[in-house]
Amino acid sequence: MSKKMLFIPLILLLALSACSVRIDTQKQTPGPDIVDEISIPSPDAPTAFLTLEFGAGKLTLAPGAETDLISGTATYNLADLKPVITEDGETVKIHQGEYKMNTWPNLDGTKNEWDLLLGEMPLDLTIKAGAYDGNFDFGGLALVNLTVRDGAADVKVDFPTPNPVRMNALNYQTGASNVTLKNLANANFTTLNFEGGAGNYTLDFGGELQQDAGVTLRAGMSNITLVIPEGIAAQITVEGGLSSVNVPSGWRQNGDTYSRSGDGPVLTIMVDLGAGNLQISE
């Protein structure tokens, strides 16, 4: 069969495929605010596994649910944004309703805000989100694992008081975002894996480092600031095509490795940055 004969069926296939794609451009008009009360009791288990799936809007998390696993409110003004809760033993998921952000609705005036409190029981927490504003206060929560995956976001995470249990892993994957992680030493993690796109990222290791901890940080064209307070022993190895590395006085350099002596546990950081700037401060 000739190349022309092959080319004609290909055109027909693409045309049929195009006809089968329907783009919903129908606009939805926001209505009055709807406020849902959320209250989920703590499961009878050693550890709870909680997943929050959130699209666009504002997501606020803090301690204070007392005897519940999670409590708070969800405020929205499109019925399809109503959060859906599923429970299966120690596993709980709250996800944004059937509203799809890729159907090109009229987003003017749309409200979607979750304001949630977390309880005291040991928690394996996963957050999956899109383009949103996040403000997470994890101070004093018993987090055994924390995973965050989001898109183009503006997020602030803080551990103002120590995690009372050892966190096995803190995994954060983001897109073109502005992300600040504060008082990370209080998270009491064993490993931290951070992966970003093109954005501005600050990892502040303030707090009390209770154990040796390893950090892997990978990002594209980004501005990264590592805040390592005085007294913390640290070693930072830099890979990739960086534009610049700025290190305060008192640090030793051996090739692409920067180190500083300190008391107690050691913080070991590997940075792989495609391009951009790495600022190390105290």
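What follows is a short chat about strand pairing and salt bridges in a predicted model.

Colleague: What should I know before reading the numbers?
Modeller: Residues are numbered from 1 along each chain as its sequence is written, and side-chain values use heavy atoms, without hydrogens and water. The model is predicted, so local features need pLDDT of at least 70 and side-chain atom pairs pLDDT 80 or more, while totals for chains, interfaces and linings use all residues.

Colleague: How many salt bridges are there in the whole structure?
Modeller: Four. A salt bridge here is a side-chain nitrogen of Lys or Arg within 4 Å of a carboxyl oxygen of Asp or Glu.

Colleague: Which residue does K82 bridge to?
Modeller: D36, with the closest N and O atoms 2.8 Å apart. K82 is in the loop between β4 (68–76) and β5 (84–88) and D36 is in strand β1, so the pair ties together parts 46 residues apart in sequence. Strands (E, at least two residues) are DSSP runs, numbered from the N terminus.

Colleague: Is D36 buried or exposed?
Modeller: Buried, at a relative accessible area of 15%. Buried means under 20%, exposed over 50%, and partly exposed in between (1.4 Å probe, protein chains only). K82 is partly exposed at 42%.

Colleague: And what does R260 pair with?
Modeller: R260 forms a salt bridge with E282, at 3.0 Å between the closest N and O atoms. R260 is buried at 9%, whereas E282 is partly exposed at 43%.

Colleague: Switching to strands, in which sense do β12 and β14 pair?
Modeller: Parallel, over six bridges; a pair needs at least two bridges found by DSSP. A169 stands opposite T191 in β14.

Technical notes: Helices (H or I, at least four residues) and strands (E, at least two) are DSSP runs, numbered from the N terminus.
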